[in-house]
There are 2 protein chains.
Amino acid sequence: MMNFIKAVRSAWEHKDTLLCVGLDPDLEKIPWHLREMDEPLLEFNKAIIDSTCDLVCAYKPQIAFYSASKAEKQLEATIDYIHTRYPDIPVILDSKRGDIASTASMYAKEAFERYHTDAVTVNPYMGGDTLDPFLKHKDKGIIILCRTSNPGAADIQDLESDGKKIYRIIARKASEEWNYNGNVLLVVGATYPRELKEIRSITGDMPFLVPGIGAQGGDIEEAVRNGMDHDRAGMIINSSRSIIYASPERDFSAAARNAAMNLRNEINLYR
Amino acid sequence: MMNFIKAVRSAWEHKDTLLCVGLDPDLEKIPWHLREMDEPLLEFNKAIIDSTCDLVCAYKPQIAFYSASKAEKQLEATIDYIHTRYPDIPVILDSKRGDIASTASMYAKEAFERYHTDAVTVNPYMGGDTLDPFLKHKDKGIIILCRTSNPGAADIQDLESDGKKIYRIIARKASEEWNYNGNVLLVVGATYPRELKEIRSITGDMPFLVPGIGAQGGDIEEAVRNGMDHDRAGMIINSSRSIIYASPERDFSAAARNAAMNLRNEINLYR
């Protein structure tokens, strides 16, 4: 079985890319000629994957885009397609799960046994005991929300306790308590480069999943300079919409490739 | 369309019950004679529903138990069964979703358009803008995690900011900022009666979803006395395992009825 963090580090080094493409297909946004097909989301994903496979360190399907439209089978088939054709590329299930331990075990089963993904995003609000059922999967990447990329992230995450903001407390717990199997990563949004720098200083070389580039407006240079680890890597930088919807026409996969190439190169400029 | 909070208040009053049964069927725990059937989780649920329908103010399927085993169709059919046979009983999708707004819209679609549920549980860690795509559904119940029932709940929820614990801050935001459509409820665990009382004092008559009775060990008397609103109601008190697995044999639905009746009556003793 693939070890997620090793596979990502290997891609950073050997493929020279920090880019992750988010596979969040929306039937109302994909090209018209695909919408009539039996499995339109799968066909869309396959074309995006084939055209970007050499440019990414991971793929990240967001499960809501499949569950909202009864498309679980297309998600399964997408992941199977990646594993079969591109066995070196790890897959992150972006589901941000969090529940009491007995239920969290079921969510871990969803991610790792049903969908066979290599990593999963999880929400820490309910506390450490709710993360354990994920953390015990040593080879899987457990990606904990820390400082998210959205405008309202500050509402809870920036509250201060004993002079430390909640996201700093999460970062410290992630490093000191939750990483007992060496499989923890953090979500830190590109839209908040100052926080990226702070969290990097707390967590050493812990890898980050960094959303917020592209449609969400994060600045690439600022994010890379503030989030890099000692090897000038350390970040899985995700973009979804700015790549997969680069063109609404028949040339969508070529346009996605161009957008991915440009973003990969721009990221590398600042490393 | 049903208004969730009105439907629950009506059940509290006219059916004289605060009980909610959690429909969390696990193929490894349901009676043997059901496991060979085509749709074992659905058959199990139907029997539980038929035997407890007069004793509950709501049903609450936990989605992980279905998604872990590719049983989305059985979840759809369970909810459809409740709506068709027992149209007055509201259904809560327990999914604890939380994501950036564009993704949260997809999760709202999952809960309300795909599964046709009347309420959904959500996680507030990412902030107010991530709750809006749920909150805009005026007739649906949006049930926000506040103080959860698990042992590790204190890790984040009890951190103090400006002398106030995070769960108090969530309770205040829920009352003052997020309840603009009058459709907000809070999750407050029965296992922490002191916190139930505090949160009740902050939120007036806002309804609570109260897990933690039964397998999780919460004390019924303490929970009821501390969590009631001015009408001696205000709580949707959930139990899953202690009811649905009251017997592992062919008499499981009769045993579930007995367990539900006893719990409903014990709750009412203390109102």
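Leaving aside residues up to four places away in sequence, Gln74(B) touches Glu39(B), Pro40(B), Leu41(B) and Leu42(B), where a contact means heavy atoms within 4.5 Å. This is a predicted model, in which local features need pLDDT of at least 70 and side-chain atom pairs count only at pLDDT 80 or more, while totals for chains, interfaces and linings use all residues. Residues are numbered from 1 along each chain as its sequence is written, chains are lettered from A and ligands numbered from 1 in the order in which they are written, and side-chain values use heavy atoms, with hydrogens and water left out.

Gln74(B) is found in helix H5 (residues 72–85) of chain B; helices (H or I, at least four residues) and strands (E, at least two) are DSSP runs, numbered from the N terminus. Gln74(B) is buried, with a relative accessible area of 12%, where buried means under 20% relative accessible area, exposed over 50% and partly exposed in between, for a 1.4 Å probe and protein chains only. A polar atom of the Gln74(B) side chain lies 3.0 Å from the backbone nitrogen of Leu42(B).

Elsewhere in chain B, Leu131(B) sits in the loop between strand E4 (119–122) and helix H7 (132–135), and is buried with a relative accessible area of 1%. Not counting residues up to four places away in sequence, Leu131(B) touches Val122(B), Asn123(B), Pro124(B), Ile144(B) and Trp178(B). The C-alpha atoms of Leu131(B) and Gly98(B) are 7.5 Å apart in space, although the two residues are 33 apart in sequence.

Most residues other than glycine have a negative phi. Asp16(A), in the loop between helix H1 (4–14) and E1 of chain A, has a positive phi near 55° and is partly exposed, with a relative accessible area of 40%. Lys96(B), in strand E3 (residues 92–97) of chain B, has a positive phi near 50°, but Lys96(B) is buried, with a relative accessible area of 8%.

In chain A, helix H13 (residues 252–269) has 18 residues and reaches 25 Å from its first C-alpha to its last, close to the 26 Å expected at 1.5 Å a residue, the expected span being 1.5 Å times one less than the number of residues. The buried residues of H13(A) include Phe252(A), Ala256(A), Leu263(A) and Ile267(A), and the buried residues of this helix pack against elements of chain A that include strand E1 (19–23), helix H3 (40–52) and helix H11 (220–227).

Finally, the two chains meet in a contact that takes 54 residues from chain A and 54 residues from chain B. Together they bury about 4500 Å², 55% of it on carbon and sulfur atoms, where buried area is the accessible area (1.4 Å probe) that two parts lose on being put together, summed over both. Met106(A), Tyr125(A) and Ile156(A) supply 17% of the area that chain A buries against chain B, more than any other three residues. Between the chains there are six salt bridges, each a side-chain nitrogen of Lys or Arg within 4 Å of a carboxyl oxygen of Asp or Glu; one salt bridge joins the side chains of Lys70(A) and Glu76(B) at 3.5 Å, N to O.

Terms used. A polar contact is a pair of N or O atoms within 3.5 Å; within protein, one must be able to donate a hydrogen and the other to accept it, and residues adjacent in sequence count only if both atoms are side-chain atoms.
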